[in-house]
Amino acid sequence: MKDNGLELYIHIPFCAQKCLYCDFLSFRAPVKTYQEYTRQLVTEIRTQGTCFTDRRVTSIFVGGGTPSVLPAALMGEILTAVREAFAIETDAEITLEANPGTLTQDRVTLYREHGVNRLSLGLQSADDRELRRLGRIHSFDEFLKSYQTARLAGFDNINVDLMSALPGQTVSSWRNTLRKVLMLRPEHISAYSLIIEEGTPFFDHYGENASPVSMDGWLPLPDEDTDREIYHLTKSMLAEHGYSRYEISNYARPGRECRHNIGYWTGVDYLGLGLGASSYIGGYRYHNTEDMKEYLDLNLEVPGEAAREIEEMTVNDRMEEFMFLGLRMTKGVSGSDFMERFGENMWNVYADVLPKLREQGLIEVEAPYVRLTDYGTDVSNVVFREMLLD
């Protein structure tokens, strides 16, 4: 590690309604569960804070689920506990995820009062028909109201989440979504392609083993050519409006890149707090229990009581992760950083891989960086698999 920085991730697992494509650890719950969970989470925060008194928190990300579904007072308790338990840098990036339909004036005002300086709004699409097919609870008009509420509360750093390759989506409807979002001039746009995950209603209808009967009434997904056209349209339209693609699916105005996510991609230690939250500390990876009843029953005054599946990463594990996470970023991976971190020459470790990928036009070199080409980005999973050492 170059410094003693630490990132925090705080998980709020509650949603107003589970989306049809979502496989995240999230669910609906009564207000009583909100209160019980907040009490346990605050206890975990205070306990874990005693274990990291020598670390400075550089970024905080409150994710979910839908954090903005929590009553303002409960979120206030959580944010207060974090500030009291950890040493937070004065310029720390503090992000909170929020969904339209749950973002109210009293909530955004409280977030600002407690130091939240970045909001991530889950729009996904500006087409109300596409939103309904996803199982989203909001309309585009409700998103606009939420966006305006955030701006009026003083938020000058807002991310908008978008999702492509949706059922029934066309290049034209995606272009319309981009146009509408670009008119708002958010500081950051995340544009992800829909992934069909097991255990979701979408998997039942669109998964490999779905039967023709299961497709009855469900619109088809865009074909591969349409998906690729959407991807390239996104890059070109956002570039025309001053957004740089700094990671495969993330675009930002200059200086507005998400520092928290860059920390993930460059190997900064992060501590997960809350149900199912993952951590990476000092070469060890683990996650908290994903069982809500167990989490609520634990004595979280004992440090690490919620931790499960603690694994020490091998040097090869860390090298692999350095490569395939770093290559997600448009600047790529640095050979000098690799040497500083692992004490080995990156070109020696990947002597059989990097020259081959370069010859195939999948990567390019601008010393000390190795990065994906446009073609390499299109088939990035192929490149990432080549980074496996075992």
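## Close-up views of a predicted model

**View 1. The lining of the largest cavity draws on a helix and a strand.** In the largest cavity, α1 (31-49) and β11 (284-288) each supply at least two residues of the lining. The model shown here and in the views that follow is a predicted one. The largest share of this lining, 3 residues, comes from α1. The residues that line the largest cavity are Glu44, Thr47, Gln48, Tyr286, Asn288, Leu300, Val302, Pro303, Gly304, Glu305, Ala306 and Ala307, and by class they divide into 6 nonpolar, 4 polar and 2 charged. About 60 Å³ of space lies within this cavity, and a search of the whole structure finds 2 cavities of 30 Å³ or more.

**View 2. The second largest cavity has a volume of about 40 Å³.** The lining of this cavity is made by Ile60, Leu79, Val82, Arg83, Ile88, Ile94 and His114, and the elements that give two or more residues to it are α2 (72-85) and β3 (87-98). From α2 comes the largest share of the lining, 3 residues. Sorted by class, the lining of the second largest cavity holds 5 nonpolar, 1 polar and 1 charged residues.

**View 3. Helices α1 and α2 pack against each other.** Two packed helices are described by the angle between their axes and by the distance between those axes. For α1 and α2, the angle is about 5° and the axes lie 9 Å apart. Because angles under 35 degrees count as roughly parallel, α1 is described as roughly parallel to α2. On the side of α1, the contact is made by Tyr34, Gln35, Thr38, Leu41, Val42, Ile45, Arg46 and Gly49, while α2 contributes Leu74, Glu77, Ile78, Ala81, Val82, Glu84 and Ala85. Taken by class, the contact of α1 with α2 has 9 nonpolar, 3 polar and 3 charged residues. Val82 of α2, which takes part in this contact, is also among the residues that line the second largest cavity.

**View 4. An open sheet is formed by 3 strands in the order β13-β15-β14.** The pairing in this sheet is antiparallel. The strands β13 (333-334) and β14 (363-366) stand at the edges, each with a single partner strand, so one side of each is left without a neighbour in the sheet. Between β13 and β15 (residues 369-372), the antiparallel pairing runs over 2 bridges, and Val333 has Val370 of β15 as its bridge partner.

How values were computed: Residues numbered from 1 in each chain as written. Predicted model: local features only at pLDDT ≥ 70, side-chain atom pairs only at ≥ 80, totals over all residues. Heavy atoms only, no water. 1 Å grid on protein atoms, 1.4 Å probe; cavity = no way out; pocket = protein on both sides within 12 Å on 5 of 7 lines; lining within 4 Å. Points joined across faces, edges and corners; volume = space filled by probe spheres on them. Helix = DSSP H or I, 4+ residues; strand = E, 2+ residues; numbered from the N terminus. Nonpolar A, V, L, I, M, F, W, Y, C, P; charged D, E, K, R; others polar. Pairing = 2+ DSSP bridges. Axes fitted to C-alpha atoms, helices over the stretch in contact; angles between N-to-C directions. Parallel < 35°, antiparallel > 145°, perpendicular 65-115°, else oblique. Contact = heavy atoms within 4.5 Å.
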